[in-house]
Structures are given as structure tokens and as C-alpha cells.
Amino acid sequence: MTGSTATLNIRGFKLKDATELRFSKAPGVKATIKERKDAAQPAGLENKVVGESQILAELTLPDALPAGPLDYVIVTPAGESAVYSIYVGGEFPVVADKEPNEGFRQAQEIQTPVIIESQIHGGQNVDVFRVTPAADAKLSAEVFAARR
């Protein structure tokens, strides 16, 4: 949400050397790296594929920031990373997924409109959500996953 503070957890390669997160197209965004550490190997994945380190950063988003993708780079002594994006929700509430929700019998009930915050917990992990729209409602969903 804009006008708030959030924690951003980034996993990748050689992040323990990170000195800064730079948001060049959104100069009002402030990012402070709070922690740099080795990342545990996730179940079913290898660190050589998903990265061996992670950083935790505190973001402060200005009130006037529009909803949508927010581009950033990670700065290290070796240079800048590729451009990555996070999605800033704007006017919609953010709901965290609640485990267990791996199947239709465990589906998490959500009310729209909403942004669902979730993460993959292993190679076979899925998250299932239940939405009950009004009879004449139109429902649209967009997933920001590997591309983010």
C-alpha cells in the first residue's frame, strides 16, 4: 500500500555484497537494507538455481505513488543488477495466503477486490483460493509470478 512501510525479501546470487536498492523511476521510494544473509536451501530446489543469499529491505512508499509495477536494481560493488519489479497495490487491500491451502478442500476464502500475497514453498506447492462473486459479477485475475 502507498504511504506505508513494508519489508521486501529478495533472494538471489551474491546479495550479501548489496549496498543499495535503487528505484530510479520512483525517487520518493526509500529503501534501507536491514539484513544480508545466506539463504537456506528450499525443499526440492537447489541454491545454484534460486540463489544462495538474500537481503531484507525496509521500503517506505510515498502517498502519491500510483498502483502498478515498481522497478528497482540492486547495487553491489561489482555494479548494478538487471531491472526487477515489485507490484504496488494502491487502493486494494493486501491479503496474505494462509497455509494449508494446497487443495480444493483447503481453499482459502477471499473477498474481492484484493491483492493476494503468496510465495512458492517448494517444487510441487500450489495455493488454492475460493471466490464467491455475485451472480452478475465479472471476475478478472492476473498472476505476477516468475516474471516478478
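How many residues lie between β5 and β6 in the hairpin they form? There are two residues between β5 and β6 in that hairpin. The model is predicted. The points below go from the whole chain to the sheets, the nonpolar core and some individual residues.

**Chain as a whole**

- Read along the sequence, the secondary structure follows the pattern β-β-β-α-β-β-β-β-β-β-β-β.
- The C-alpha trace spans about 55 × 40 × 20 Å along its principal axes.
- The chain exposes about 10100 Å², and carbon and sulfur atoms supply 53% of that area.
- Among contacts between residues at least 6 apart in sequence, 56% join residues at least 24 apart.

**The sheet of β1, β4 and β3**

- Three strands make up an open sheet in the order β1-β4-β3, and their pairing is antiparallel.
- The edges are taken by β1 and β3 (30–38); each has a single partner strand, so one side of each is left without a neighbour in the sheet.
- Neighbouring strands of this sheet are turned against each other by 20° on average, direction ignored.
- The antiparallel strands β1 and β4 are joined by eight bridges.
- Leu8 has Ala57 in β4 opposite to it.
- As a general point, strands of a sheet pair through backbone hydrogen bonds, either parallel or antiparallel.

**Pairings of β5**

- With β2, β5 pairs in the antiparallel sense over three bridges; Glu20 stands opposite Val75 in β5.
- With β7, the pairing of β5 is antiparallel and runs over five bridges; Leu70 has Ile86 in β7 as its bridge partner.
- With β6 (residues 79–80), β5 pairs in the antiparallel sense over two bridges.
- The bridge partner of Thr76 in β6 is Gly79.

**Nonpolar core**

- The largest nonpolar core has 19 residues.
- Ile10, Leu21, Phe23 and Leu70 are the members that touch the most other members.
- Two or more residues of this core come from each of β1 (5–12), β4 (53–60), β5 (68–76) and β7 (84–88).
- Leaving aside neighbours within four places in sequence, Ile10 is in contact with Leu15, Leu21, Ser53, Gln54, Ile55, Tyr72 and Ile74.
- Leu70, named above among the core residues that touch the most other members, is also the bridge partner of Ile86.

**Asn47 in the helix**

- Asn47 belongs to helix α1, which covers residues 47–50.
- Asn47 counts as buried because its relative accessibility, 18%, falls under the 20% cut-off.
- Its side chain reaches the backbone oxygen of Ala39 at 3.4 Å.
- Not counting residues up to four places away in sequence, Asn47 touches Arg11, Phe13, Ala39, Ala40, Gln41, Pro42 and Glu52.

**Lys14 and its backbone**

- Lys14 is found in the loop between β1 and β2 (20–22).
- The phi angle of Lys14 is near 55°, a positive value in a residue other than glycine.
- With a relative accessible area of 62%, Lys14 is over the 50% cut-off, so this residue counts as exposed.

**Cis peptide bonds**

- The peptide bond from Glu99 to Pro100 is cis, with omega near -5°.
- Pro100 is placed in the loop between β8 (94–96) and β9 (108–110).
- A cis peptide bond also runs from Thr112 to Pro113, with omega near -5°.
- Pro113 is placed in the loop between β9 and β10 (115–117).

How values were computed:
Residues are numbered from 1 along each chain as its sequence is written. This is a predicted model: local features need pLDDT of at least 70, side-chain atom pairs count only at pLDDT 80 or more; totals for chains, interfaces and linings use all residues. Side-chain values use heavy atoms; hydrogens and water are left out. Helices (H or I, at least four residues) and strands (E, at least two) are DSSP runs, numbered from the N terminus. Buried means under 20% relative accessible area, exposed over 50%, partly exposed in between (1.4 Å probe, protein chains only). A polar contact is a pair of N or O atoms within 3.5 Å; within protein, one must be able to donate a hydrogen and the other to accept it, and residues adjacent in sequence count only if both atoms are side-chain atoms. Contact means heavy atoms within 4.5 Å. A nonpolar core is a set of buried Ala, Val, Leu, Ile, Met, Phe, Trp, Tyr and Cys residues joined through side-chain atoms within 4.5 Å. Two strands pair if DSSP finds at least two bridges between them. Axes are lines fitted to C-alpha atoms, for helices over the stretch in contact, and angles run from 0 to 180 degrees between N-to-C directions. Accessible areas come from the Shrake-Rupley method with a 1.4 Å probe; for residues, only the protein chains shown count as cover.
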